[in-house]
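Reader: I would like to know what the labels used for a protein model rest on. Please set each value against its definition.

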Amino acid sequence: MPLSQELLLTALHQHVSLTSEEEAAFLAICEEKTAKKKEFLLRTGEQNLYLYFVQNGCLRSFIIDQSGKEVNLEFAVERYWISDVAFHKPALLSIQALEPTQYVQINVDAFETLTQQHPVFNLFYRKLLQNGYFAFKKRMLSGMTQTAAENYRDFLLKFPDLSQRIPQYHIASYLGITPEFFSTIKSEGLDLYQQAIS
């Protein structure tokens, strides 16, 4: 089995148990793709037709706020899933590669057919949505109740090596602070991270 398929099946089995027939049916609708750095997989306003799984690299989702500034919502690194909030509708956000990225895209119509043939994938998708909702709520509450340094600590706990891979202003945007303020709290957040993992 190719390593890319093994990564994908491992990610699936984190949510549901599958038979070999179900695994094969899922892999049959997966299309392996590559994206160059800064390449868009989806732009705001385009029809959203795919669910993405990152095999290697990093994708981000972001919106443009009222002042015209990009606001990062989510990063997807190895073994992460990413998409817009709804399918067959104009996208509310954009998805872009922050580094050369290998990924799998799954057409939502093919996935819908798959769920009819193998209902276990309804459970898989529901768990993906639940996990995404929980992560969003947790991040929103943390933004209200924690300091910027504590939020950076949480970022490092979730993405241990990402700060070495992407520009710092992307992290600042994700944390909801300016790059200038981020530079002042970065060392404190790193200290909190070291304490958390020691």
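Author: Start with one term: a residue is buried when its relative accessible area is under 20%. The model is predicted. In helix α6, the residues H170, I171, A172, S173, Y174 and L175 are buried.

Reader: What makes α6 largely enclosed by the rest of the structure?

Author: Helix α6 covers residues 168-175, and six of its eight residues are buried, so the helix counts as largely enclosed. The buried residues of α6 pack against β4, β5, α4, α5 and α7. Just after α6, G176 has a positive phi of about 80°.

Reader: Why is R153 called buried?

Author: The cut-off is under 20% relative accessible area. R153 has 19%, and therefore counts as buried. R153 is found in helix α5. Apart from neighbours within four places in sequence, R153 is in contact with Q146, G189, L192, Y193 and A196.

Reader: Why is I63 called partly exposed?

Author: Partly exposed lies between the two cut-offs, under 20% for buried and over 50% for exposed. I63 has a relative accessibility of 30%, so the label is partly exposed. I63 sits in strand β4, residues 59-64.

Reader: Which residues are in contact with I63, leaving aside neighbours within four places in sequence?

Author: They are K69, E70, V71, L73, L92 and L93. As for T44, 19 residues apart from I63 along the chain, the C-alpha atoms of the two are separated by 7.7 Å.

Reader: Which residues make the contact of α5 with α7?

Author: From α5 they are A148, A149, E150, Y152, R153, L156 and L157. Those from α7 include F181, F182, I185, K186 and E188. By class, the contact of α5 with α7 has 13 nonpolar residues, one polar and four charged.

Reader: What makes a set of residues a nonpolar core?

Author: The members are buried residues of the nonpolar kinds, such as Leu and Phe, joined through side-chain atoms within 4.5 Å. The largest nonpolar core has 22 residues, and L8, F26, W81, I106, F111, F121 and F124 have the most contacts inside it. Among the elements that give two or more residues to this core are α1, α2, α3 and α4. A second, separate core has 21 residues, including L98, Y152, L156 and I166.

Reader: Which residues does F121 touch, not counting those up to four places away in sequence?

Author: F121 touches L18, E22, F26, F111, L114 and T115.

Definitions and conventions: Residues are numbered from 1 along each chain as its sequence is written. This is a predicted model: local features need pLDDT of at least 70, side-chain atom pairs count only at pLDDT 80 or more; totals for chains, interfaces and linings use all residues. Side-chain values use heavy atoms; hydrogens and water are left out. Helices (H or I, at least four residues) and strands (E, at least two) are DSSP runs, numbered from the N terminus. Buried means under 20% relative accessible area, exposed over 50%, partly exposed in between (1.4 Å probe, protein chains only). Contact means heavy atoms within 4.5 Å. Ala, Val, Leu, Ile, Met, Phe, Trp, Tyr, Cys and Pro count as nonpolar, Asp, Glu, Lys and Arg as charged, and the others, Gly among them, as polar.
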